[in-house]
Amino acid sequence: MRYTVVWILVIVGAISAGITFWRDGTTSPTANAVFDNIETPLGQLGDEVEPLRYTLDINIDPSQEGFTGTSTIDVELKHKLARVWLHARDMEITDSYITLEDGKQIPALYMSLHQSGVGELIFKEYAGPGKATLTLKYQAPYSKGVFGLHQVNVSGEDYVYTQFEPLDARRAFPSFDEPRFKVPFDIALTVRADDVAVSNTPVLEETELEGGYRRVQFATTKPLPTYLLAFAVGPWDVVDWEPLPTNTHRDWTIPLRGIATKGKGKEFDYALEHTAKIVDVLEDYFDTPYPYEKLDLIAAPDMGGGAMENAGAIIYGEQLLLLNDKSSPVDISAYTSVHAHELAHQWFGNLVTPIWWDDIWLNEAFANWMGYKSATLATGDDGYIRTTLSDALGVMNSDSLISTRKIHEPIKSYHDINNAFDAITYNKGGAVLSMFENFLGEDVFREGVRTHMKRFTHGNASFTDFMESLAMAADRPEVIEAFTSFLDQPGVPMVSVELQCTEGETAHVKLSQARYFPLGSQGSRDQVWRIPVCLAYEAEGRREKTCALMTEREQSVDLQSQSCPAYVMPNADGAGYYRWSFGDAGWAALTDHYDQLTSAEKYTYFDSASAAMRAGQMTASNFIDALEEAASAVEYGHVYGALLQWRDIKNNIVVSEHRGAVEDELKRLYGPAAARLGIWPYSAADAEDPQNTALIRMRVMEFMALEADHKRIRSEMDQMARHYLGDDLSTPLNKKAMNNTVMKVALAVYLDQADDAEYEFAFSRFDQSTDPNFRQLFAQALPYQSNETRRLETLNFVLSDQLRWPEVNAMTWEWANRSLHKKELWDWARVNQDAILTTLGPSRSFVLAQWGKSLCSEEAREQVAQLNAIIDLIDGGKRHLEQTLESIELCIARQTALREPLTETLITQTTPH
C-alpha cells in the first residue's frame, strides 16, 4: 500500500485546501476534524490515544546508509477518531494502516508537521473508540551524530548503536515518544549473519535467512518508555563475565556481559569485575532486586564522557569502561561515578519512570546523588560523596544568573526538553536532595525512597508522588512545602548571619535571606525559601550543631550555649544549598578558627568568600587572603575552585601587562605543592588518598604549565610527551612513559613547542590511534598552541571528519572556557556559523552560543547577540543564548569593578619574586 510520489503531491496539495483525497477519489473525514484550528502539539501529544504494546521489526546492516523497519503499535483509541498524533523524525513512512478489533484494516497516511518529529497519522475512515493496532512501515538514514540509530566506522568495521534520550527514539521507529507511555516491547532485528545484535532483553531465538542475514528475536521487555530502548549491531567483542550472584534480595543470578568494538574486549575486565559490588549496594539501598533479566555494558566509540541508562543494556563512552588496574585514579574515578550513576537509574528512572520531562530533574538528580553515595559505599572512598558538594558549589554561578531556570521547569516544547539536561538538573537537583537527606536523616530518607519504589514499581510517578513518599516515611508533611520552595523558584539563597550574645542569656543568631546576585546583575533579590539551615559553632570548648527550618525572610535561632561561641559556621558540613555571609567580625572569627572546620565547611567558606567578592561585599585584600588560605587545601574541590578564581583574575580581570604578577603568585602559592606531588604518583599523599591526590596533581600541573608558565614543569611535561609519542609510527605509543592524569598538559606543552616535523608526527599518531582516552586528551591539548596558523587550521577540524563529535566538543569547550585564545574561536565561529549549523545539526549547534560564554567585552556581546538570526534553528538555542549574553555582561561588570583593586593588591601585597 505504498503511495506513489504523484499521489503524495496530490494529497499535500489537497491538505492545504482542507481536503484529503484517497486513491478511490473519496475524501478523508479529517478534512475539517484535523486541520481546523488545531495546533500541532510540540509538547505532550494528548490523551486521545494510549499505546499498549509495541512490536518492532527492524533491519539493521551497519554497512549500508540506512535501515528499514515496521513499527506495530497496539493502542486504545479513547474516542471516535480520524487521526492520531505521533512521532517520526527524518524518516519516510512507506506504508501505514490501522487494524480494528474485528480485523477490519483501514488505510492511513502519515504527514510530518514539524522538524521535531511531530506528525499525524490520518485514517481514511473514522476509527474507535476501542482497541486497535497501528502499523507503519518505514525507511530512514543512520545518524552521523550520537542520536537515534548512530552509525560509526572503527578501524574499517561498521557499527550501529542507539541514543534515544530524550527525543530520538522517533528517529529509529514511529512511536508515541513520551516517558509516560511505558509499555512492553517485542523487538526483532534482522542483521548480517556474523554481526552481534544486542537489545534490552536476552535473545529468545535466532533464525538464519537467505543472503547472509539472520533474524534475532528478543524476549519481551518489562514496561519501558521509548527512550530507554537500546540496540547495538556490529562485529562487537562480547565478554561473558561471571553472573551477578544471588543474595538476600534475590535467589537468581543476573547475566553480566561487556560489549566492545572488535579487539577491545580484552580491556573490559576491570569494569566488569567491579560491577557486582555497586549492584549489591544499590539492591541494599532500594531493598529491591535488580529489576531486569540481564546487564550488558556496551562500550561505544562516540559517546564521549557520558552514558545512557537503557534498561539492561547501558551504553557508555568507551573510555569510561576500557580500563585496567594501571589506569589512572582519575580514569577509575570517572568509571566508578558514572557507572554507579547509570546503575542507580535501573531503579530510579527505569523501574520507576517520570510521567513527563518536567520531572526528569528528579531522575537525573537522584542518580547523580545516589551514584556518588553508592560509589562511596562500594569503594570505601568518601571522595565520591564529596563530589556532591563540589557539584553544588560549581552550579551556583550559573544559578546566579537572571536567565537561570527552576529545577522543576515547565516543559512546553521540544526546546524546553533539550534544556532540561543541564547542571541545574544534575548538580543543583542532587544538592537539594542531599540537603533534605541531611535534614530528615539518612535512615528516614532511605525509607522514603524504598516506599516510592514499592508504590510505583514498573510504573510512572511525578515529583509530587516522590514528595508524598518522603513525607509518609518521615511523618513530616512540612517537608513537601520546603522541598518545593527550592524546585519552583530559581536562584541561590544568600543567608546572612549575625551572632547575638547577651551575658547570662542563651546565644542566638539572627538570620536573613535574599536571592544572591553578583555585581552587574539587575535581578530582584526579593525571594524567600524554606531553608534547612544547620549551624556549627564552638561553645564551652566543644563543637555543637543546631538546625532549623528557616521559613521567614528574617528569623532568630537559639544556640545550645549560654556563652558566646568563638565562631559560627553557617553551613554545617556543607550540606545546605545556599551561600552565606557575615559582617567583618563574623568573617574574622571564622577565619581565625579555619583549621577547626571540616573539609566540606572549608570549601563552602571559600565559595561564600568568592561569592561575596563577586557581589562587591568583600575587599580585594581579604579576597586575596582567602585565595592564599585556599592554597593549603588538601581537598580537590577546594583546590580547583581556588585555581579557577586565579584563572578568572588572570584572563578576565587584570590587563595583559599584569598577568605576569598573577603567574608569579601562582608559582609562589602552588610551586611547593607541585614539587611535593611531582608528575608521577609517588608521593605520600598518593598512598593515603590516590583519587583525591591524582585530581589535585592534574589541576596543579595544568595551572603551573599552562597558566603560570612554570619552566621546569613545562620541560618535564614536554619530555614525558616525547617519550610517550616516540619517533616511529610503526611502534605503539609508549604507555609506560605517560601518567594519564597529566596527559592533556604534557601533550599541550609538546604541541606548543614542537617544530613542524614533530607537529606532523604527533598528528599522524593521533590519526592512527583508536585509543579514546588519547584522542580526546589530544583534542583538548590543541587550543594551547602559541602558533596562530596552527590554531586556525585546527579549528577547521570542527567542519571535517578528522574528529569525532566527543572530540570536537572536548576541544572547543577547552578553547572557549580555558584558553587565552577564546576570542579566536568565537571569531572563527562567526564567519563559519552556517557551515557549523549544517555540520553539527540542530541538536548539537547549541555550542555556538556556549562558545561565547567566557568572553568579556561589549564588542563580543554585540557579536554574540547577532546569533538571534539563526537561534530558532538550534534545539534549545534561545536559553543558551540568553545565558551567554548575561554571562558576558556580568564579566564586564566584574572586570570594571575589580580590575583596579585586585591589580593594586596583587602588585603591592604579594611577596616579591
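Asp-573 is partly exposed, with a relative accessible area of 35%, where partly exposed lies between buried (under 20% relative accessible area) and exposed (over 50%), for a 1.4 Å probe and protein chains only. The model is predicted, so local features need pLDDT of at least 70 and side-chain atom pairs count only at pLDDT 80 or more, while totals for chains, interfaces and linings use all residues. Residues are numbered from 1 along each chain as its sequence is written, and side-chain values use heavy atoms, with hydrogens and water left out.

**Backbone features**
- Asp-573 has a phi near 60 degrees, a positive value in a residue other than glycine, and its place is the loop between β27 (568–569) and β28 (579–581); strands (E, at least two residues) and helices (H or I, at least four) are DSSP runs numbered from the N terminus.
- His-458, which is not a glycine either, has a positive phi of about 55 degrees; it lies in the loop between α11 (442–455) and β21 (459–461) and counts as partly exposed at 25% relative accessibility.
- Gly-128 and Pro-129 are joined by a cis peptide bond with omega about 0 degrees, and Pro-129 sits in the loop between β6 (118–127) and β7.
- Another cis peptide bond, with omega about 0 degrees, joins Glu-165 and Pro-166, the latter being found in the loop between β9 (157–163) and β10 (185–192).

**Helix α25**
- In helix α25 (residues 788–795) the buried residues are Arg-790, Arg-791, Thr-794 and Leu-795.
- These residues cover an arc of only 140 degrees around the axis, which puts them on the same side of α25; the arc is that of the directions from the helix axis to the C-beta atoms.
- Among the elements that cover the buried residues of α25 are α22 (743–753), α23, α26 and α27 (822–831).

**Confidence**
- The mean pLDDT of the chain, the predictor's confidence in each residue from 0 to 100, is 90, and 95% of the residues reach 70 or more.
- Over residues 1–19 the pLDDT is below 50, and beyond near neighbours in sequence this stretch has 33 contacts in the model, a contact being heavy atoms within 4.5 Å.
- Over residues 30–37 pLDDT stays under 50 as well, and the model has 16 contacts for them beyond four places in sequence.
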